[in-house]
Amino acid sequence: MRIVLLSQWCAPEPDVRVASLARELVKLGHEVTVLTGFPNYPHGRLYPGYRLKLWQHEELYGAKIVRVLLYPDHSQSKVKRVLNYFSFASFASILGPLMSGSIDVMWVYHPPLTVAIPALWISLLRRVPFVYGIMDMWPETLIATGMVRDGVGIRLLEKFAHFVYRHAAALTVVSPGFKDNLIQKGVSPERIHVIPNGADENIFRPVDRDPDLGEQYNLIGHFNILFGGNMGPAQSLEMAIEAAALLIDLPEVKFTFVGDGISVSDLKAQAAAKNLTNVQFVGQQPMAEMARFHSWADVLLVQLRDEPLFHITIPSKILAYLASGRPILCAVPGDGADVVREAKAGLICLPNDPRTLAAKVRELYLMPADERERMGQNGRRFFLEQFSSNVLVCKYEAVFNHVIQNKRNPQKK
(Lines give C-alpha, C1' and ligand atoms only; values in the text may rest on other atoms or scores of the structure.)
Protein backbone atom coordinates (compact mmCIF):
# COMPACT_ATOMS: atom_id res chain seq x y z
CA MET A 1 0.00 0.00 0.00
CA ARG A 2 0.97 3.62 -0.56
CA ILE A 3 0.04 5.33 2.70
CA VAL A 4 0.14 9.00 3.67
CA LEU A 5 0.18 9.86 7.38
CA LEU A 6 -1.05 13.43 7.87
CA SER A 7 -0.14 14.97 11.22
CA GLN A 8 0.83 18.39 12.51
CA TRP A 9 3.22 16.67 14.95
CA CYS A 10 6.04 14.21 14.28
CA ALA A 11 9.44 13.23 15.68
CA PRO A 12 11.69 14.73 16.95
CA GLU A 13 8.73 16.14 18.88
CA PRO A 14 8.01 13.99 21.95
CA ASP A 15 4.77 12.53 20.59
CA VAL A 16 6.26 9.59 18.70
CA ARG A 17 3.03 7.86 17.65
CA VAL A 18 3.15 8.96 14.01
CA ALA A 19 6.84 8.14 13.59
CA SER A 20 6.35 4.75 15.25
CA LEU A 21 3.42 3.90 12.99
CA ALA A 22 5.42 4.97 9.94
CA ARG A 23 8.34 2.78 10.98
CA GLU A 24 6.16 -0.30 11.54
CA LEU A 25 4.27 0.15 8.27
CA VAL A 26 7.59 0.40 6.40
CA LYS A 27 8.69 -2.84 8.07
CA LEU A 28 5.60 -4.51 6.62
CA GLY A 29 6.65 -3.39 3.14
CA HIS A 30 4.38 -0.39 2.64
CA GLU A 31 5.40 2.88 1.01
CA VAL A 32 4.88 5.62 3.61
CA THR A 33 4.89 9.42 3.37
CA VAL A 34 4.41 11.61 6.45
CA LEU A 35 3.02 15.09 5.76
CA THR A 36 3.79 17.19 8.83
CA GLY A 37 5.01 20.54 10.16
CA PHE A 38 8.32 21.83 11.43
CA PRO A 39 8.96 20.59 14.99
CA ASN A 40 8.15 23.06 17.77
CA TYR A 41 6.02 21.16 20.32
CA PRO A 42 5.76 21.42 23.35
CA HIS A 43 7.69 24.66 23.96
CA GLY A 44 6.56 26.47 20.79
CA ARG A 45 10.10 27.12 19.57
CA LEU A 46 11.63 25.65 16.45
CA TYR A 47 13.94 22.73 17.25
CA PRO A 48 17.72 23.13 16.76
CA GLY A 49 18.84 22.24 13.28
CA TYR A 50 15.62 23.46 11.66
CA ARG A 51 14.71 26.76 10.07
CA LEU A 52 11.35 27.81 8.72
CA LYS A 53 10.86 27.51 4.98
CA LEU A 54 8.05 26.62 2.63
CA TRP A 55 8.81 22.90 2.73
CA GLN A 56 11.55 20.43 3.56
CA HIS A 57 12.14 16.76 2.72
CA GLU A 58 13.62 14.23 5.14
CA GLU A 59 13.71 10.49 5.60
CA LEU A 60 12.93 8.66 8.84
CA TYR A 61 12.83 4.88 9.35
CA GLY A 62 12.53 4.45 5.59
CA ALA A 63 9.51 6.76 5.38
CA LYS A 64 9.51 9.99 3.38
CA ILE A 65 8.92 13.04 5.62
CA VAL A 66 7.50 16.19 4.03
CA ARG A 67 7.50 19.20 6.36
CA VAL A 68 5.50 22.31 5.46
CA LEU A 69 5.57 25.81 6.85
CA LEU A 70 3.69 26.69 10.04
CA TYR A 71 3.68 29.36 12.75
CA PRO A 72 5.51 27.83 15.74
CA ASP A 73 3.64 28.24 19.03
CA HIS A 74 2.41 26.33 22.05
CA SER A 75 1.58 29.19 24.40
CA GLN A 76 -1.59 30.03 26.29
CA SER A 77 -2.34 32.78 23.78
CA LYS A 78 -5.50 31.80 21.92
CA VAL A 79 -4.60 34.00 18.95
CA LYS A 80 -1.15 32.45 18.57
CA ARG A 81 -2.48 28.92 19.02
CA VAL A 82 -5.07 29.55 16.30
CA LEU A 83 -2.29 30.84 14.03
CA ASN A 84 -0.30 27.69 14.76
CA TYR A 85 -3.19 25.40 13.85
CA PHE A 86 -4.42 27.24 10.79
CA SER A 87 -0.97 27.95 9.36
CA PHE A 88 -0.23 24.23 9.20
CA ALA A 89 -3.70 23.48 7.83
CA SER A 90 -3.24 26.12 5.12
CA PHE A 91 0.20 25.09 3.90
CA ALA A 92 -0.63 21.37 4.14
CA SER A 93 -3.71 22.05 1.99
CA ILE A 94 -1.68 23.97 -0.60
CA LEU A 95 1.41 21.77 -0.74
CA GLY A 96 0.04 18.40 0.39
CA PRO A 97 -1.74 17.45 -2.85
CA LEU A 98 1.44 18.21 -4.80
CA MET A 99 4.00 16.59 -2.50
CA SER A 100 2.32 13.48 -1.14
CA GLY A 101 3.20 11.20 -4.06
CA SER A 102 0.97 8.29 -5.02
CA ILE A 103 -1.68 7.49 -2.41
CA ASP A 104 -3.91 4.49 -1.77
CA VAL A 105 -5.13 5.61 1.66
CA MET A 106 -4.45 8.45 4.09
CA TRP A 107 -4.48 8.29 7.88
CA VAL A 108 -5.06 11.59 9.68
CA TYR A 109 -3.78 12.25 13.19
CA HIS A 110 -6.21 14.37 15.21
CA PRO A 111 -5.77 16.74 17.15
CA PRO A 112 -6.02 19.48 16.18
CA LEU A 113 -9.36 19.45 14.39
CA THR A 114 -7.95 21.86 11.80
CA VAL A 115 -5.86 19.01 10.37
CA ALA A 116 -9.13 17.80 8.86
CA ILE A 117 -9.04 20.77 6.44
CA PRO A 118 -6.06 19.44 4.41
CA ALA A 119 -7.38 15.89 4.88
CA LEU A 120 -10.68 16.74 3.22
CA TRP A 121 -9.00 18.76 0.47
CA ILE A 122 -6.34 16.15 -0.38
CA SER A 123 -8.99 13.41 -0.30
CA LEU A 124 -11.15 15.39 -2.74
CA LEU A 125 -8.39 16.37 -5.15
CA ARG A 126 -6.56 13.05 -5.14
CA ARG A 127 -9.72 10.91 -4.84
CA VAL A 128 -8.34 8.85 -1.98
CA PRO A 129 -10.14 7.70 1.18
CA PHE A 130 -8.95 8.91 4.55
CA VAL A 131 -9.09 7.28 7.96
CA TYR A 132 -9.55 9.79 10.75
CA GLY A 133 -7.45 8.87 13.80
CA ILE A 134 -8.89 10.49 16.92
CA MET A 135 -6.43 10.78 19.82
CA ASP A 136 -8.39 13.54 21.62
CA MET A 137 -12.07 14.38 21.41
CA TRP A 138 -12.69 17.89 20.13
CA PRO A 139 -14.22 20.23 21.14
CA GLU A 140 -14.41 18.46 24.52
CA THR A 141 -10.63 18.65 24.99
CA LEU A 142 -10.60 22.42 24.43
CA ILE A 143 -13.20 22.86 27.17
CA ALA A 144 -11.49 20.43 29.56
CA THR A 145 -8.11 22.14 29.21
CA GLY A 146 -9.58 25.64 29.51
CA MET A 147 -8.59 26.73 25.99
CA VAL A 148 -12.15 27.79 25.13
CA ARG A 149 -15.48 28.06 26.88
CA ASP A 150 -18.78 26.64 25.81
CA GLY A 151 -20.55 28.93 23.34
CA VAL A 152 -21.07 29.68 19.66
CA GLY A 153 -17.49 28.74 18.79
CA ILE A 154 -17.93 25.32 20.35
CA ARG A 155 -21.15 24.76 18.40
CA LEU A 156 -19.32 25.55 15.16
CA LEU A 157 -16.49 23.18 16.03
CA GLU A 158 -18.99 20.44 16.79
CA LYS A 159 -20.70 20.91 13.43
CA PHE A 160 -17.39 20.80 11.60
CA ALA A 161 -16.31 17.68 13.53
CA HIS A 162 -19.55 15.94 12.54
CA PHE A 163 -18.93 16.92 8.92
CA VAL A 164 -15.44 15.35 9.10
CA TYR A 165 -16.77 12.15 10.68
CA ARG A 166 -19.32 11.76 7.87
CA HIS A 167 -16.72 12.15 5.14
CA ALA A 168 -14.05 9.89 6.65
CA ALA A 169 -13.94 6.39 5.21
CA ALA A 170 -13.38 5.08 8.73
CA LEU A 171 -12.37 6.35 12.16
CA THR A 172 -9.84 4.97 14.62
CA VAL A 173 -10.12 5.81 18.31
CA VAL A 174 -7.88 5.07 21.24
CA SER A 175 -10.41 3.90 23.83
CA PRO A 176 -13.82 2.24 24.14
CA GLY A 177 -15.11 5.45 25.71
CA PHE A 178 -14.19 7.42 22.60
CA LYS A 179 -16.15 4.94 20.48
CA ASP A 180 -19.19 5.32 22.72
CA ASN A 181 -18.84 9.11 22.46
CA LEU A 182 -18.91 8.97 18.66
CA ILE A 183 -21.83 6.55 18.58
CA GLN A 184 -23.79 9.01 20.74
CA LYS A 185 -22.99 11.64 18.10
CA GLY A 186 -24.55 9.51 15.39
CA VAL A 187 -21.48 7.80 13.89
CA SER A 188 -22.15 4.22 12.78
CA PRO A 189 -20.38 1.72 15.09
CA GLU A 190 -19.19 -0.29 12.08
CA ARG A 191 -17.07 2.64 10.93
CA ILE A 192 -15.28 3.04 14.28
CA HIS A 193 -12.23 0.92 15.11
CA VAL A 194 -10.69 0.91 18.60
CA ILE A 195 -6.90 0.85 18.28
CA PRO A 196 -5.27 2.00 21.52
CA ASN A 197 -2.17 4.09 21.70
CA GLY A 198 1.09 2.30 22.07
CA ALA A 199 4.57 3.31 23.14
CA ASP A 200 7.86 2.88 21.37
CA GLU A 201 9.28 -0.24 23.03
CA ASN A 202 12.67 0.59 21.54
CA ILE A 203 12.66 3.60 23.87
CA PHE A 204 10.42 2.59 26.76
CA ARG A 205 11.77 -0.63 28.22
CA PRO A 206 13.26 -1.87 31.50
CA VAL A 207 16.89 -0.78 31.85
CA ASP A 208 19.40 -0.93 34.68
CA ARG A 209 19.74 2.11 36.89
CA ASP A 210 22.56 4.41 35.81
CA PRO A 211 24.42 5.55 38.98
CA ASP A 212 25.71 8.67 37.23
CA LEU A 213 22.19 9.83 36.37
CA GLY A 214 21.01 8.95 39.87
CA GLU A 215 23.76 11.04 41.40
CA GLN A 216 23.29 13.94 38.96
CA TYR A 217 19.62 14.33 39.88
CA ASN A 218 19.85 13.26 43.53
CA LEU A 219 17.72 10.15 43.05
CA ILE A 220 19.95 7.74 44.96
CA GLY A 221 18.65 6.86 48.41
CA HIS A 222 15.15 8.25 47.76
CA PHE A 223 11.76 6.68 47.18
CA ASN A 224 11.18 8.36 43.84
CA ILE A 225 7.74 9.37 42.59
CA LEU A 226 8.41 10.37 38.99
CA PHE A 227 6.22 12.17 36.47
CA GLY A 228 7.49 12.44 32.91
CA GLY A 229 5.95 14.45 30.09
CA ASN A 230 3.99 17.58 29.31
CA MET A 231 2.99 19.72 32.29
CA GLY A 232 -0.08 21.77 31.46
CA PRO A 233 -3.48 22.56 32.95
CA ALA A 234 -4.90 19.18 31.95
CA GLN A 235 -2.34 17.34 34.10
CA SER A 236 -3.44 19.21 37.25
CA LEU A 237 -0.04 18.63 38.83
CA GLU A 238 -0.70 21.18 41.55
CA MET A 239 -2.43 18.25 43.25
CA ALA A 240 0.86 16.36 43.27
CA ILE A 241 2.58 19.37 44.84
CA GLU A 242 -0.12 19.43 47.54
CA ALA A 243 0.42 15.70 48.09
CA ALA A 244 4.16 16.25 48.45
CA ALA A 245 3.45 18.77 51.20
CA LEU A 246 1.43 16.12 53.04
CA LEU A 247 4.35 13.66 52.81
CA ILE A 248 7.07 15.88 54.22
CA ASP A 249 7.26 13.59 57.27
CA LEU A 250 8.71 10.84 55.02
CA PRO A 251 12.14 12.26 54.11
CA GLU A 252 12.91 9.43 51.68
CA VAL A 253 9.89 10.22 49.47
CA LYS A 254 10.75 12.56 46.62
CA PHE A 255 8.70 13.87 43.70
CA THR A 256 10.60 14.42 40.45
CA PHE A 257 8.93 16.10 37.47
CA VAL A 258 10.70 15.53 34.17
CA GLY A 259 9.54 17.57 31.19
CA ASP A 260 8.25 20.94 30.12
CA GLY A 261 4.96 22.75 29.62
CA ILE A 262 3.05 25.94 30.26
CA SER A 263 2.36 25.11 33.92
CA VAL A 264 5.98 24.53 34.98
CA SER A 265 6.64 28.04 36.29
CA ASP A 266 3.45 28.00 38.36
CA LEU A 267 4.28 24.58 39.79
CA LYS A 268 7.79 25.71 40.73
CA ALA A 269 6.36 28.78 42.44
CA GLN A 270 3.87 26.62 44.35
CA ALA A 271 6.62 24.28 45.57
CA ALA A 272 8.86 27.22 46.52
CA ALA A 273 6.04 28.93 48.43
CA LYS A 274 5.62 25.78 50.51
CA ASN A 275 9.40 25.40 51.00
CA LEU A 276 9.20 21.83 49.76
CA THR A 277 12.50 19.99 49.77
CA ASN A 278 10.94 16.78 48.44
CA VAL A 279 10.10 18.21 45.00
CA GLN A 280 12.42 18.80 42.06
CA PHE A 281 11.98 19.74 38.41
CA VAL A 282 14.12 18.37 35.62
CA GLY A 283 13.79 20.05 32.24
CA GLN A 284 12.65 18.40 29.06
CA GLN A 285 14.80 15.42 28.14
CA PRO A 286 15.30 13.65 24.81
CA MET A 287 12.75 10.89 24.43
CA ALA A 288 15.55 8.34 24.11
CA GLU A 289 16.70 9.24 27.64
CA MET A 290 13.37 8.64 29.38
CA ALA A 291 13.93 4.95 30.06
CA ARG A 292 16.95 5.89 32.18
CA PHE A 293 14.78 8.22 34.26
CA HIS A 294 11.96 5.70 34.53
CA SER A 295 14.39 3.10 35.86
CA TRP A 296 14.95 5.27 38.94
CA ALA A 297 11.23 5.55 39.62
CA ASP A 298 9.91 3.51 42.51
CA VAL A 299 6.54 4.76 41.30
CA LEU A 300 5.53 6.41 38.01
CA LEU A 301 2.78 9.00 38.39
CA VAL A 302 0.08 9.75 35.81
CA GLN A 303 -2.47 12.45 36.60
CA LEU A 304 -5.27 14.28 34.80
CA ARG A 305 -7.93 16.71 35.92
CA ASP A 306 -11.30 15.27 36.89
CA GLU A 307 -13.12 16.09 33.66
CA PRO A 308 -15.74 13.92 31.91
CA LEU A 309 -13.54 13.75 28.82
CA PHE A 310 -10.65 12.21 30.74
CA HIS A 311 -12.90 9.40 31.96
CA ILE A 312 -12.89 8.05 28.40
CA THR A 313 -9.21 8.74 27.75
CA ILE A 314 -6.27 6.33 27.97
CA PRO A 315 -3.25 8.65 28.28
CA SER A 316 -0.30 7.57 26.17
CA LYS A 317 1.79 8.09 29.28
CA ILE A 318 0.18 5.01 30.83
CA LEU A 319 1.38 2.89 27.91
CA ALA A 320 4.93 4.26 28.18
CA TYR A 321 4.89 3.52 31.90
CA LEU A 322 3.65 -0.05 31.34
CA ALA A 323 6.39 -0.61 28.77
CA SER A 324 9.01 0.63 31.25
CA GLY A 325 8.09 -2.08 33.73
CA ARG A 326 7.72 0.16 36.78
CA PRO A 327 4.76 0.42 39.22
CA ILE A 328 2.13 3.03 38.35
CA LEU A 329 0.15 5.40 40.54
CA CYS A 330 -2.82 6.31 38.37
CA ALA A 331 -4.76 9.46 39.29
CA VAL A 332 -6.89 9.16 36.16
CA PRO A 333 -10.47 7.89 36.20
CA GLY A 334 -12.33 5.67 33.77
CA ASP A 335 -10.67 3.90 30.83
CA GLY A 336 -7.13 4.81 31.89
CA ALA A 337 -7.62 3.38 35.37
CA ASP A 338 -9.19 0.26 33.85
CA VAL A 339 -5.99 -0.45 31.92
CA VAL A 340 -3.79 -0.18 35.03
CA ARG A 341 -6.29 -2.25 37.00
CA GLU A 342 -6.54 -4.99 34.36
CA ALA A 343 -2.76 -5.12 34.02
CA LYS A 344 -2.36 -5.33 37.84
CA ALA A 345 0.37 -2.76 37.33
CA GLY A 346 -0.21 -0.32 40.19
CA LEU A 347 -2.67 1.54 42.37
CA ILE A 348 -5.59 3.79 41.45
CA CYS A 349 -6.57 6.97 43.26
CA LEU A 350 -9.07 9.77 42.81
CA PRO A 351 -8.04 12.71 40.63
CA ASN A 352 -8.04 16.22 42.08
CA ASP A 353 -7.60 14.79 45.60
CA PRO A 354 -4.14 15.40 47.08
CA ARG A 355 -5.00 13.61 50.33
CA THR A 356 -5.91 10.40 48.51
CA LEU A 357 -2.81 10.74 46.33
CA ALA A 358 -0.60 11.14 49.40
CA ALA A 359 -2.27 8.13 51.06
CA LYS A 360 -1.56 5.96 48.01
CA VAL A 361 2.08 7.07 47.97
CA ARG A 362 2.32 6.02 51.64
CA GLU A 363 0.78 2.66 50.78
CA LEU A 364 3.31 2.08 48.01
CA TYR A 365 6.17 3.27 50.22
CA LEU A 366 5.24 0.76 52.94
CA MET A 367 4.64 -2.05 50.46
CA PRO A 368 7.31 -4.79 50.22
CA ALA A 369 9.68 -4.05 47.35
CA ASP A 370 9.05 -7.40 45.68
CA GLU A 371 5.32 -6.63 45.53
CA ARG A 372 6.04 -3.36 43.73
CA GLU A 373 8.38 -5.17 41.37
CA ARG A 374 5.61 -7.63 40.52
CA MET A 375 3.39 -4.70 39.58
CA GLY A 376 6.05 -3.44 37.19
CA GLN A 377 6.55 -6.88 35.65
CA ASN A 378 2.80 -7.31 35.26
CA GLY A 379 2.62 -3.99 33.42
CA ARG A 380 5.46 -4.87 31.07
CA ARG A 381 3.91 -8.23 30.22
CA PHE A 382 0.48 -6.66 29.63
CA PHE A 383 2.01 -4.02 27.38
CA LEU A 384 3.75 -6.59 25.17
CA GLU A 385 0.55 -8.61 24.85
CA GLN A 386 -1.84 -5.72 24.15
CA PHE A 387 0.01 -2.58 23.06
CA SER A 388 3.28 -3.48 21.36
CA SER A 389 3.91 -1.90 17.96
CA ASN A 390 3.71 -5.18 16.02
CA VAL A 391 0.27 -5.87 17.53
CA LEU A 392 -1.10 -2.39 16.82
CA VAL A 393 0.30 -1.96 13.29
CA CYS A 394 -1.51 -5.10 12.15
CA LYS A 395 -4.78 -3.54 13.35
CA TYR A 396 -4.07 -0.38 11.36
CA GLU A 397 -3.10 -2.41 8.32
CA ALA A 398 -6.41 -4.30 8.50
CA VAL A 399 -8.37 -1.03 8.64
CA PHE A 400 -6.45 0.42 5.68
CA ASN A 401 -7.01 -2.73 3.61
CA HIS A 402 -10.70 -2.68 4.45
CA VAL A 403 -11.04 0.97 3.39
CA ILE A 404 -9.19 0.40 0.12
CA GLN A 405 -11.32 -2.65 -0.71
CA ASN A 406 -14.50 -0.69 0.01
CA LYS A 407 -13.36 2.05 -2.37
CA ARG A 408 -12.69 -0.50 -5.10
CA ASN A 409 -15.89 -2.46 -4.42
CA PRO A 410 -18.37 0.03 -2.93
CA GLN A 411 -21.22 -2.49 -3.11
CA LYS A 412 -19.44 -4.54 -0.40
CA LYS A 413 -19.60 -1.76 2.18
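Tutor: Start with cysteine 330, which is buried because its relative accessibility is 0%. Buried means under 20% relative accessible area, exposed means over 50%, and partly exposed lies in between, with a 1.4 Å probe and protein chains only. This is a predicted model, so local features need pLDDT of at least 70 and side-chain atom pairs count only at pLDDT 80 or more, while totals for chains, interfaces and linings use all residues. Residues are numbered from 1 along each chain as its sequence is written, and side-chain values use heavy atoms, without hydrogens or water.

Is there a disulfide to go with that cysteine, or none? A search of the whole structure finds zero disulfides, a disulfide being a pair of cysteine sulfur atoms within 2.5 Å. For cysteine 330, the nearest cysteine sulfur belongs to cysteine 349 and is 7.5 Å away. Cysteine 10 is also buried, because its relative accessible area is 0%.

Contact means heavy atoms within 4.5 Å. Arginine 67 sits in strand E4 (residues 63-68). Helices (H or I, at least four residues) and strands (E, at least two) are DSSP runs, numbered from the N terminus. With a relative accessible area of 1%, arginine 67 is buried. The backbone oxygen of alanine 11 lies 2.7 Å from a polar atom of the arginine 67 side chain. A polar contact is a pair of N or O atoms within 3.5 Å; within protein, one must be able to donate a hydrogen and the other to accept it, and residues adjacent in sequence count only if both atoms are side-chain atoms.

Now the sheet. Eight strands form an open sheet with mixed pairing, in the order E3-E4-E2-E1-E5-E6-E7-E8. Two strands pair if DSSP finds at least two bridges between them. Strand E3 (55-60) and strand E8 (192-194) stand at the edges with a single partner strand each, so one side of each has no neighbour in the sheet. From one strand to the next, the twist averages 20°. Helix H6 packs on this sheet and touches strand E6 (130-134), strand E7 (170-173) and E8. The direction of H6 makes about 165° with that of E8. Axes are lines fitted to C-alpha atoms, for helices over the stretch in contact, and angles run from 0 to 180 degrees between N-to-C directions. Inside the order, strand E1 (residues 2-6) pairs with strand E5 (residues 105-110) in the parallel sense over four bridges. Leucine 6 has valine 108 in E5 as its bridge partner.

Next, strand E10 (residues 253-258). Six of its six residues are buried. In a regular strand the side chains alternate between the two faces of the sheet. Here both faces are covered: Val253, Phe255 and Phe257 are buried on one side, and Lys254, Thr256 and Val258 on the other. E10 pairs with strand E9 (residues 223-228) in the parallel sense over six bridges. The chain goes from E9 through helix H8 (residues 238-246) to E10 in a right-handed β-α-β crossover. Right-handed means that, with the strands pointing away from the viewer, the path from the first strand over the helix to the second runs clockwise. Four bridges join E10 to strand E11 (residues 279-282), again with the strands parallel. Valine 258 has valine 282 as its bridge partner in E11. E10, helix H9 (residues 264-273) and E11 also make a right-handed β-α-β unit.

Leucine 250 is in the loop between H8 and E10. This residue is buried at a relative accessible area of 15%. Leaving out residues up to four places away in sequence, leucine 250 touches Arg362 and Tyr365.

Last, helix H12 (residues 335-343). Its buried residues are Asp335, Gly336, Ala337, Val339, Val340 and Ala343. They pack against helix H6 (176-184), helix H11 (316-324), strand E13 (328-331), strand E14 (346-348) and helix H14 (369-386). Just after H12, lysine 344 takes a positive phi of about 55°.
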